[in-house]
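This briefing accompanies a single structure and groups its points by topic. Please read it with the sequence and the model in view.

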Amino acid sequence: MDLEIQQRVIDLTSKYGAENVIVLIGGAEAEASGLSAETVAAGDPTFAGPLAGIALGLGVYHVVEPEIKDEFDAAVYDEQCGMMEMVLDVDAIISEVKPIRDEYSKYNK
C-alpha cells in the first residue's frame, strides 16, 4: 500500500472514526492483499509509511470474500469483478486476509 493511500486512510479514519471505516481491497496477489490488510489493521509492517507503528484496527476485506460479495447486486458484481474473480486464487487471498482481520481488526462489518 503506497504512502499516499496510507495517509488517506489515516485522514478518513480521523474524520469519520475507525468504527465507521471499512477498507475494501482488490489486489490480485494474495501476499500483497495480506500486506495491505495488515497495514490498515495492525500498522505498516515495513515501517516505511504513515501507518508505521499505528494500529488502526480497521475492518478490512477483499472484494472476493463472500461477506462482501454478497453485499453487491449480483449483476453489478459479475460485470465489475466476475472476470477478475475467475483468474484469481480466491482461496489464497482469503487465507491471507481473514486471519489478519480476525487478529487485528477491532471494527468488522
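How many aromatic pairs does the count come to? The count comes to one aromatic pair, and it should be read with the caution that the model is predicted.

**Aromatic pair**
- The pair is formed by Phe72 and Tyr77, whose rings lie 5.7 Å apart centre to centre, with 50 degrees between the planes, and the arrangement is tilted.
- Phe72 is partly exposed, at a relative accessible area of 33%, whereas Tyr77 is buried, at 4%.

**Helix 2**
- Helix 2 covers residues 30-42, and its 13 residues, at 1.5 Å a residue, should span 18 Å, which agrees with the 17 Å that separates its end C-alpha atoms.
- The buried residues of helix 2 are Ala30, Ser33, Gly34, Ser36, Ala37, Thr39, Val40 and Ala41.
- Just after helix 2, Gly43 adopts a positive phi of about 110 degrees.

**Nonpolar surface patch**
- Met83, Met86 and Val87 together make a nonpolar surface patch of about 400 Å².
- Met83, one of the residues in this patch, belongs to helix 4, which runs over residues 74-87.
- Met83 is exposed, with a relative accessible area of 64%, and it is classed in this way because that value is over 50%.

Definitions and conventions:
Residues are numbered from 1 along each chain as its sequence is written. This is a predicted model: local features need pLDDT of at least 70, side-chain atom pairs count only at pLDDT 80 or more; totals for chains, interfaces and linings use all residues. Side-chain values use heavy atoms; hydrogens and water are left out. Rings of Phe, Tyr and Trp (its six-membered ring) pair if their centres lie within 6.5 Å; planes under 30 degrees apart count as stacked, over 60 as edge-to-face and the rest as tilted. Buried means under 20% relative accessible area, exposed over 50%, partly exposed in between (1.4 Å probe, protein chains only). Patches are made of residues with over 30% relative accessible area and no salt bridge: like charges are joined within 9 Å, nonpolar side chains (Val, Leu, Ile, Met, Phe, Trp, Tyr) within 5 Å. Accessible areas come from the Shrake-Rupley method with a 1.4 Å probe; for residues, only the protein chains shown count as cover. A salt bridge is a side-chain nitrogen of Lys or Arg within 4 Å of a carboxyl oxygen of Asp or Glu. Helices (H or I, at least four residues) and strands (E, at least two) are DSSP runs, numbered from the N terminus. The expected span of a helix is 1.5 Å times one less than its number of residues.
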